Amino acid sequence: MGCKMNLDQDTLDSRDLEERIVELEKNNDLTDQEKEELHQLAAIKKDVEDYSEEWEDGITFVSQYYWREYCEEFAYDCGYIEDINRVNTNPLVYCVDWEKWASEMKYDYTSIEINKVDYYFRAY
């Protein structure tokens with residue numbers, strides 16, 4: 001049996017969580033710790049499926065502690081700010097209030113608590 005899944009990461013992927021659920025469900029001789037882990041993962045899955053049908057296709061969960069950095073990366077990835085190896089010739093990049101941007105991004109996301117940490121995910 002594999003190691004307990006680390007749920008204290010900057011990002012989590014529902015496909016990894018599902019893989020661990022399947023692994024645990026296949027084992028008929030779970031320890032008490034593994035039973036608790038399976039219960040926790042199944043509860044996360046159930047809660048998320050109330051908001052999104054994308055569990056099997058992959059949902060990214062972003063820790064509240066990584067949220068601002070994630071939102072900044074999102075802005076670059078979407079081309080909102082030019083990314084030339086992160087050397088911006090556009091002086092407006094220095095005027096961006098990343099905390100405000102991260103706050104605004106929350107309107108498109110839902111949160112779920114995992115191990116006493118809020119994780120944000122897109123609810124479609």
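Helix 3 (residues 67–77) and helix 4 (residues 98–105) pack at an angle of about 90° in this predicted model. Their axes lie 9 Å apart. Helix 3 and helix 4 are therefore roughly perpendicular to each other. From helix 3, the contact takes in W67, R68, C71, E72, F74, A75 and Y76. Helix 4 supplies W98, E99, W101, A102 and M105. By class, nine of the residues in this contact are nonpolar, three are charged and none is polar.

The axes of helix 1 (residues 14–26) and helix 2 (residues 32–49) come within 10 Å and cross at roughly 135°. That angle makes helix 1 oblique to helix 2. The crossing of the two is left-handed. On the helix 1 side, the contact residues are L17, E18, R20, I21, L24 and E25. They meet E34, E37, L38, L41, A42, I44 and K45 of helix 2. The class count here is seven nonpolar, six charged and no polar residues.

| Helix pair | Axis separation | Axis angle |
|---|---|---|
| Helix 1 and helix 2 | within 10 Å | roughly 135° |
| Helix 3 and helix 4 | 9 Å | about 90° |

Next, the aromatic rings. The model holds ten aromatic pairs. One of them joins W67 and Y70: their ring centres are 5.6 Å apart and their planes meet at 25°, so the pair is stacked. The cut-off for stacking is an angle under 30 degrees between planes. Both residues belong to helix 3. They are three residues apart there, about one turn of the helix. W67 is buried, and Y70 is buried too. W67 also takes part in the contact of helix 3 with helix 4.

Ring pairs also build a cluster elsewhere. Its members are Y51, W55, F61 and F121.

How far apart are K46 and E36 in space? Their C-alpha atoms are 15 Å apart. In sequence, K46 and E36 are ten residues apart.

Key: Residues are numbered from 1 along each chain as its sequence is written. This is a predicted model: local features need pLDDT of at least 70, side-chain atom pairs count only at pLDDT 80 or more; totals for chains, interfaces and linings use all residues. Side-chain values use heavy atoms; hydrogens and water are left out. Axes are lines fitted to C-alpha atoms, for helices over the stretch in contact, and angles run from 0 to 180 degrees between N-to-C directions. Helices (H or I, at least four residues) and strands (E, at least two) are DSSP runs, numbered from the N terminus. Angles under 35 degrees count as roughly parallel, over 145 as roughly antiparallel, 65 to 115 as roughly perpendicular and the rest as oblique. A crossing is left-handed if the near helix is turned anticlockwise from the far one by less than a right angle, and right-handed if clockwise. Contact means heavy atoms within 4.5 Å. Ala, Val, Leu, Ile, Met, Phe, Trp, Tyr, Cys and Pro count as nonpolar, Asp, Glu, Lys and Arg as charged, and the others, Gly among them, as polar. Rings of Phe, Tyr and Trp (its six-membered ring) pair if their centres lie within 6.5 Å; planes under 30 degrees apart count as stacked, over 60 as edge-to-face and the rest as tilted. Buried means under 20% relative accessible area, exposed over 50%, partly exposed in between (1.4 Å probe, protein chains only).
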